[in-house]
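Hello,

Please open it first, and then read on below.

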Amino acid sequence: MASRVILGFLAIKLLLYITAGVELTINNNDTDHTLQTEPGLSQSLWCAVRNHSREEELVWLRQDETVDLKDGNRVNASSICISPVSKEDNGVSFTCKLARDGSIQITVVLDVIFPPSLSGENHPSVPEGDDVTLSCHVKANPPARMVWYKDNNTLVLEPARFQIFQSSDLFQLIIKKAQDSDGGAYMCEASSALGTATRNFHLTVGAGKLAFPTEAVIAAAVVGVLTILFAIVARLEAILKCFRKARRSSSNTAL
């Protein structure tokens, strides 16, 4: 029993000795950091082991997913390439760590910068009195400054009827109980140090919803049914008269 304890203790000391002083670098940087880049570029990440006393196998993670590495690209040094970099890679983390001890690791986060781009569907005409929402979808890094315009002028918001909703990728204008005066040309603008983008909307506010004339339709239907019934009755009476005449004519001929 005592020998097992001693062996376990020695194994722990050996592991600590082997691990002590071992550190990782990515592109010669020995701390977690961000790496600024742009869409369309190729970005190489080089991970290396420092102060090691044995060969060390390395593992790469993209976010939480393991990256497949070829043989010869795992021991003591390992590289991966992101090509081409895209807007969707912004904020994605890449982590290099020791295979035998995941606590020894280093992470780089991509900071993909690009000018604003906007998208959004034009809203169809709406009845007067309805609520309407104009949605402007935005992609930008660094984050863009967002503004709404109406008929080429900065939109003046009436707190009781206008609301603004904004998130990292959505900029919305909500109009409560739209009025005829709310119709016109709207523009969403996104601007940053890298550029400016706009998206145009045209809003038409029509007359209010017409109440469906239920009573009038029912009355018309009743009149129509009665008219058909009267026509059928009149037709039956005409047929019966012809039948009676035919019988009388037949009787006279027999006499």
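Before we get to the strands, a word on terms: helices (H or I, at least four residues) and strands (E, at least two) are DSSP runs, numbered from the N terminus. Two strands pair if DSSP finds at least two bridges between them.

Please keep in mind that this is a predicted model, in which local features need pLDDT of at least 70 and side-chain atom pairs count only at pLDDT 80 or more, while totals for chains, interfaces and linings use all residues. Residues are numbered from 1 along each chain as its sequence is written, and side-chain values use heavy atoms, with hydrogens and water left out.

What does β4 pair with? One partner is strand β7 (residues 93–98), which runs antiparallel to β4 and is joined to it by five bridges. Along this pairing, Trp 60 sits opposite Cys 96 of β7. Strand β5 (residues 65–66) also pairs with β4 in the antiparallel sense, through two bridges. Here Arg 62 has Glu 65 of β5 as its bridge partner. Together β4 and β5 make a hairpin with two residues between them, and Gln 63 in the turn has a positive phi of about 55°.

Next, the loops, where you will find two cis peptide bonds worth a look. One joins Ser 83 and Pro 84, with omega about -10°, and Pro 84 belongs to the loop between β6 (77–82) and β7. In the other, the bond from Asn 141 to Pro 142 is cis with omega near 10°; Pro 142 is in the loop between β11 (132–141) and β12 (145–150).

Two loop residues also have a positive phi without being glycine. Asn 51, in the loop between β3 (43–50) and β4, has a phi of about 60°. Is Asn 51 exposed or buried? Its relative accessibility is 53%, so Asn 51 counts as exposed. Asp 151 has a positive phi of about 50° and lies in the loop between β12 and β13 (153–154). With a relative accessible area of 40%, Asp 151 is partly exposed.

Conventions: Buried means under 20% relative accessible area, exposed over 50%, partly exposed in between (1.4 Å probe, protein chains only).
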